[in-house]
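Reader: I'm new to reading protein models. Could you walk me through this one, feature by feature?

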Amino acid sequence: MQRPPTTQEFVLGELRRSIVSGELAPGQPIRQDSIAQRLGVSRVPLREALKTLEAEGQVVYQPHRGYSVAELSLRDLLEVYRMRQLLEAEAATVATERFTDTDLARIADAQLDVEKAADSDDLVAMIAANRRFHFALLEPSGMPRLLRVVRTLWDATDAYRAVYYNSDANRARVRQEHDAIVAAAQERRAEDLVRMLDEHRQHAVDALRATITPGAD
């Protein structure tokens with residue numbers, strides 16, 4: 001049985017969902033009283049959750065003004081994706097040598113969840129399934145410290161994924177690229193897998209580069 005979340009984990013999850021769905025838009029002030037009331041919690045776990053999001057760069061705090069959702073920044077995106085490229089290449093290379101049939105089934109199942117969410121136009125579910133897909137690829141590496149850093153990088157860019165997945169063309173591209181990535185994993189072609197993951201990230205960056213306004217930096 002899955003352990004129920006703590007109040008702070010529950011609040012953190014709800015704030016992440018609100019940012020990803022666009023309910024809390026970039027630049028929007030975060031009204032702590034109204035959010036605490038809506039979630040039925042005190043402001044203590046809400047403040048702790050906001051501190052976590054602030055450390056990830058998803059929200060910003062200004063004295064006398066409080067918290068607001070961070071504006072999307074091309075500079076931040078490029079830095080995070082460069083770090084992901086370096087770390088995920090290492091994890092994917094090692095993981096490819098260790099894939100079991102169970103690992104490959106998890107990867108394929110996660111990709112099916114991505115497709116189902118895309119068909120339903122459910123961006124929140126698609127982003128969650130996409131995350132499961134990518135970490136199913138990386139976790140067999142058995143490198144928990146590296147993956148903790150990668151998870152933090154992913155947390156910092158969920159809002160960007162929501163923008164990217166808003167496009168029908170981008171969602172279709174993700175599905176096609178995932179199919180190729182699954183095939184490379186199943187055939188244990190490490191070099192191809194790393195290259196495809198690089199291209200997969202780059203396509204997202206290229207699309208977002210045209211979407212994020214320079215003024216956001």
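Reader: Let's start with one residue. Which helix does Glu88 lie in?

Author: Glu88 lies in helix H4. Helices (H or I, at least four residues) and strands (E, at least two) are DSSP runs, numbered from the N terminus. A note on the source: residues are numbered from 1 along each chain as its sequence is written, and side-chain values use heavy atoms, leaving out hydrogens and water. This is a predicted model, where local features need pLDDT of at least 70 and side-chain atom pairs count only at pLDDT 80 or more, while totals for chains, interfaces and linings use all residues.

Reader: Is Glu88 buried or exposed?

Author: Buried means under 20% relative accessible area, exposed over 50%, and partly exposed in between (1.4 Å probe, protein chains only). Glu88 has a relative accessible area of 1%, so it is buried.

Reader: Which residues does Glu88 touch?

Author: Contact means heavy atoms within 4.5 Å. Leaving aside residues up to four places away in sequence, Glu88 touches Leu138, Val150, Trp154 and Arg201.

Reader: How do I check the length of a helix such as H4?

Author: Compare its span with the expected one, which is 1.5 Å times one less than its number of residues. H4 has 23 residues and reaches 31 Å from its first C-alpha to its last, close to the 33 Å expected.

Reader: What do the buried residues of H4 pack against?

Author: They pack against H6, helix H7 (144–155), H8 and H10. Among the buried residues of H4 are Leu74, Tyr81, Arg84 and Glu88. H7 has buried residues too, including Val150 and Trp154. The cover over the buried residues of H7 includes helix H1 (7–21), helix H3 (43–56), H4, H6 and H8.

Reader: How many cavities of 30 Å³ or more does the structure hold?

Author: On a 1 Å grid over the protein atoms alone, a cavity is a set of points where a 1.4 Å probe fits but cannot get out, and lining residues have an atom within 4 Å of a point. Grid points are joined across faces, edges and corners, and a volume is the space filled by probe spheres set on the points. The structure holds one cavity of 30 Å³ or more, and the largest cavity has a volume of about 130 Å³.

Reader: Which residues lie nearest the centre of the largest cavity?

Author: Of its 14 lining residues, those are Tyr81, Arg161, Tyr165, His200 and Ala204. Helix H4 (74–96), helix H6 (123–138), helix H8 (158–165) and helix H10 (190–209) each supply at least two residues of this lining.

Reader: Now a backbone angle. What should I know about phi?

Author: Most residues other than glycine have a negative phi. His64 is not a glycine, yet has a positive phi of about 70 degrees. Arg188, also not a glycine, has a positive phi of about 55 degrees.

Reader: Where is His64 placed?

Author: His64 sits in the loop between S1 and S2. At 84% relative accessibility, it counts as exposed. Two strands pair if DSSP finds at least two bridges between them. Here four bridges join S1 (residues 59–62) to S2 (residues 66–69), and the strands run antiparallel. Val59 stands opposite Val69 in S2.

Reader: And where does Arg188 lie?

Author: Arg188 is in the loop between helix H9 (168–186) and H10. With a relative accessible area of 39%, Arg188 is partly exposed.

How values were computed. 1 Å grid on protein atoms, 1.4 Å probe; cavity = no way out; pocket = protein on both sides within 12 Å on 5 of 7 lines; lining within 4 Å.
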